[in-house]
Amino acid sequence: MMRPTWAEIDLRAFDRNVSAVSASLPAGSKIMALLKADGYGHGALELARRCRPDQVAMIGVALLEEALELRRGGITRPILVLGSLTEPQIHAALDHDITIGVPGTEALAAAANVARERDVRIHLKLDTGMGRMGVVETELPEVVERIRSAPRLRLDALYTHLANAGDARDPFSDEQIARFRTLVATLRDAGVSAPRKHIANSAATMRGLVDPGDYVRTGLALLGAEPLDEGVDEAMDEAVNEGVVHAHAARPRALRRYEPLLRWRTEIARLKELPPGHAIGYGMIFRTARPSLIATLPVGYADGYRRALSNQGEVLVRGQRVPVVGRVSMDLVTVDVTDVAGVRPGDEVVLLGRQRHESREDEVAVEELARKLDTISYEVFCAVSARVPRVYFDGSDPLRLLTRFEP
Ligand SMILES: *Cc1c(COP(=O)(O)O)cnc(C)c1O
């Protein structure tokens with residue numbers, strides 16, 4: 001009954017990624033699983049349910065709404081909201097035992113006000129150079145004053161965020177970490193300290209920029225995508241140079257540290273033969289150069305298959321790469337399957353992820369789509385829209401189907 005376009009998410013691969021990240025951490029450190037934006041489109045509730053307390057200390061989200069959705073879904077683990085909250089929002093968060101992220105002095109004032117009536121647990125963010133969220137050095141006296149005069153405000157952690165941790169050659173991360181230590185020492189000297197710290201996102205975690213006992217705020221690595229900028233390109237260049245893969249191929253599995261969870265698939269809805277010189281799609285930006293077999297796929301930019309992939313994207317059919325031809329439209333994509341032997345309507349088409357067919361196997365990696373779209377994996381994942389049903393797997397066993405449409 002369901003539309004033939006859906007995203008498959010392998011929760012057992014998530015478990016393995018969590019275990020691998022957890023095993024890489026120094027003594028006393030734990031993961032804060034960053035599941036904002038619905039787990040970058042993978043489904044925050046499903047992923048949160050898989051988080052084991054011995055590996056994952058907390059779940060981090062951006063919005064109060066995201067935290068409440070997890071609570072409503074039965075998640076009882078500690079949750080941190082990273083984004084700024086107003087006083088009414090702080091009350092609502094506390095009603096659901098949600099920890100308050102304090103990214104600035106305004107949010108601290110709000111938390112301190114609420115703390116006149118009830119206990120408030122906060123994580124305070126320090127700006128160490130990113131210039132976006134967090135309190136800066138000149139605000140520390142105000143911060144100290146607010147915290148010292150609010151006995152029911154409990155400072156559970158101090159944290160900061162790195163601006164360029166993906167680039168291992170950029171010394172800025174080290175500078176930010178040094179700056180963080182200085183700010184933490186300044187606060188300590190003024191009588192304000194916290195039992196925890198957290199600095200590292202996925203990239204910094206993979207680079208080992210983690211002190212024993214610190215939490216790590218990891219999102220992308222748990223989803224099996226590559227957080228290191230150079231990691232992707234260098235490993236790819238190396239593999240291409242060594243002839244392991246050709247230039248547009250996926251990153252071979254062996255070069256990856258973590259496993260992708262998501263596989264976005266559709267099917268061939270129509271197959272038609274077109275003569276040479278025939279235009280395809282809006283704007284006629286593609287014309288057949290030979291007698292061609294063109295497949296129409298029931299997916300489009302409304303599903304998150306971005307329009308910028310017009311004449312650029314590649315998808316997998318019968319384990320083989322074929323090009324997107326013509327414009328991606330709202331609900332349809334056209335691909336050239338002239339070279340695919342035995343292709344038929346109803347054949348599976350993989351837009352993102354791996355496909356195996358008989359002896360052939362290939363993958364459209366999220367990094368590949370990100371590079372083509374001049375963006376990052378995060379945005380490619382977040383783009384997969386709510387119109388695409390999510391099918392959850394535990395290994396090869398289908399567990400659950402989530403769709404915004406009535407069955
Ligand atoms: C999203 C986010 C993270 C997670 O980043 P990844 O690169 O996905 O690991 C960490 N910290 C903050 C403040 C975030 O907003």
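**Where is Glu-358 found?** Glu-358 is in the loop between strand 18 (348-357) and strand 19 (360-364); strands here are DSSP runs of E with at least two residues, helices are runs of H or I with at least four, and both are numbered from the N terminus. A quick note before zooming in: this is a predicted model, in which local features need pLDDT of at least 70 and side-chain atom pairs count only at pLDDT 80 or more, while totals for chains, interfaces and linings use all residues. Residues are numbered from 1 along each chain as its sequence is written, and side-chain values use heavy atoms, with hydrogens and water left out.

View A. Most residues other than glycine have a negative phi. Glu-358 isn't a glycine, yet its phi is positive, at about 50°. With 74% relative accessibility, Glu-358 counts as exposed (exposed means over 50% relative accessible area, buried under 20%, and partly exposed in between, with a 1.4 Å probe and protein chains only). Asn-311 is another non-glycine with a positive phi, this time about 55°. Look for Asn-311 in the loop between strand 14 (292-297) and strand 15 (314-317). Asn-311 is partly exposed, at a relative accessible area of 30%.

View B. Several residues sit around the ligand, among them Leu-34, Lys-125, His-161, Asn-201, Arg-217 and Thr-218 (the cut-off is a heavy atom within 4 Å). Now for the polar contacts, meaning pairs of N or O atoms within 3.5 Å; within protein, one atom must be able to donate a hydrogen and the other to accept it, and residues adjacent in sequence count only if both atoms are side-chain atoms. Lys-36 places a polar side-chain atom 2.5 Å from a ligand oxygen. For Tyr-378, a polar side-chain atom is 2.6 Å from an oxygen atom of the ligand. Gly-219 uses its backbone instead, with an N or O atom 2.8 Å from a ligand oxygen. On its own the ligand has 390 Å² of accessible area, and the protein covers 92% of that (areas are from the Shrake-Rupley method with a 1.4 Å probe; for residues, only the protein chains shown count as cover).

**View C. The largest nonpolar core.** A nonpolar core is a set of buried Ala, Val, Leu, Ile, Met, Phe, Trp, Tyr and Cys residues joined through side-chain atoms within 4.5 Å. The largest one has 118 residues, and Val-120, Leu-153 and Tyr-305 touch the most other members. Setting aside neighbours within four places in sequence, Leu-153 is in contact (heavy atoms within 4.5 Å) with residues including Leu-108, Ala-111, Val-120 and Ile-147.

**View D. Helix 6 under cover.** Eight of the ten residues in helix 6 are buried, including Thr-105, Leu-108 and Val-114. The cover includes helix 5 (87-95), strand 5 (99-102), strand 6 (120-125), helix 7 (140-148) and strand 7 (153-159). Strand 6 is mostly covered too, with five of its six residues buried. Strands 5 and 6 run parallel and are joined by three bridges (strands pair if DSSP finds at least two bridges between them). One of the residues to look for is Ile-100, whose bridge partner in strand 6 is Ile-122.

**View E. Ala-33 in strand 2.** Ala-33 lies in strand 2 (residues 30-34) and is buried, at 0% relative accessibility. Beyond its neighbours within four places in sequence, Ala-33 is in contact with Cys-51, Met-58, Thr-218 and Leu-222, among others.
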